[in-house]
Amino acid sequence: MASQLIVLGTTDLAKILRASRFALNRLILQCKIESSISSRSVSGRERLFTIEDAANLSLAYWLFRAGLHMGAVREFLAVPRLAEFRQRLTSLESIEAEAIRTPLLVCWGEPTGRKKSGQKKVRGYEVTRNVALCRDIAAVERTVQDVKQPAFVVIPLGRVLKELAEKIRSFVTETRVR
């Protein structure tokens, strides 16, 4: 299956992630997630995604489901360490390998002390987004112990990546049988 090109539509990904098409389309638009096959949904046609695109969209969806607003999801996806990690998710095999290698994702934001331009309220401070890819809970503890703002999100990345690969494999097998 490694050499085979797998293409999934938004409807397929919605089924795999147990999400609504509406939620995924909204996430795609607001987080500016691109598809490497079809960049825009042409009227009446759904977007098409490769495995790499599906992994990126799935990661965005899990961050959103963890309680982050869409702007924060977009900012976290752009953090160089996470962007570099996402580039390694190119096939079902690489997704499964990363699931074993990187079981936990920690995300947090730290206020910079500078106000956003045009903002007068306290909530208008700029925030630096940070991520850590951790192998175990001890690594998570070491990571968050130095965080000045004690608000962070931990995602069981290994488990969700493993489930994603299994569901895509199952979906492809199911589709072939039909």
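Analyst: A salt bridge here is a side-chain nitrogen of Lys or Arg within 4 Å of a carboxyl oxygen of Asp or Glu. The structure is a predicted model, in which local features need pLDDT of at least 70 and side-chain atom pairs count only at pLDDT 80 or more, whereas totals for chains, interfaces and linings use all residues. Residues are numbered from 1 along each chain as its sequence is written, and side-chain values use heavy atoms, with hydrogens and water left out.

The setting comes before the part itself. Along the sequence they follow the order β-α-α-β-α-α-α-α-β-β-α-β-α. Of the 178 residues, 44% count as buried, where buried means under 20% relative accessible area, exposed over 50%, and partly exposed in between (1.4 Å probe, protein chains only).

The part to examine is helix α6, residues 92–101, in which L92, S94, I95, E98 and A99 are buried. Viewed down the axis of α6, these buried residues fall within an arc of 165°, so they line one face of the helix. The arc is taken from the directions that run from the helix axis to the C-beta atoms.

Side chains of opposite charge can pair when their charged atoms come close. E93 and R169 form a salt bridge, at 3.5 Å from N to O. E93 belongs to helix α6 and R169 to helix α8 (residues 157–177), so this pair ties together parts 76 residues apart in sequence. R169 also bridges to E96, where the closest N and O atoms are 2.4 Å apart. E96 is again in α6 and R169 in α8, so this pair joins parts 73 residues apart in sequence.

The whole structure holds six salt bridges. Among them is E75 with R129, whose closest N and O atoms lie 2.6 Å apart. E75 sits in helix α4 (residues 70–78) and R129 in strand β4 (residues 125–134), so the pair ties together parts 54 residues apart in sequence. E75 is partly exposed, with a relative accessible area of 35%.

S58, in helix α3 (residues 51–65), is buried at 0% relative accessible area. Leaving aside residues up to four places away in sequence, S58 touches L17 and L164, contact meaning heavy atoms within 4.5 Å. L5, in the segment before β1 (8–9), is exposed at 65% relative accessible area.

Technical notes. Helix = DSSP H or I, 4+ residues; strand = E, 2+ residues; numbered from the N terminus.
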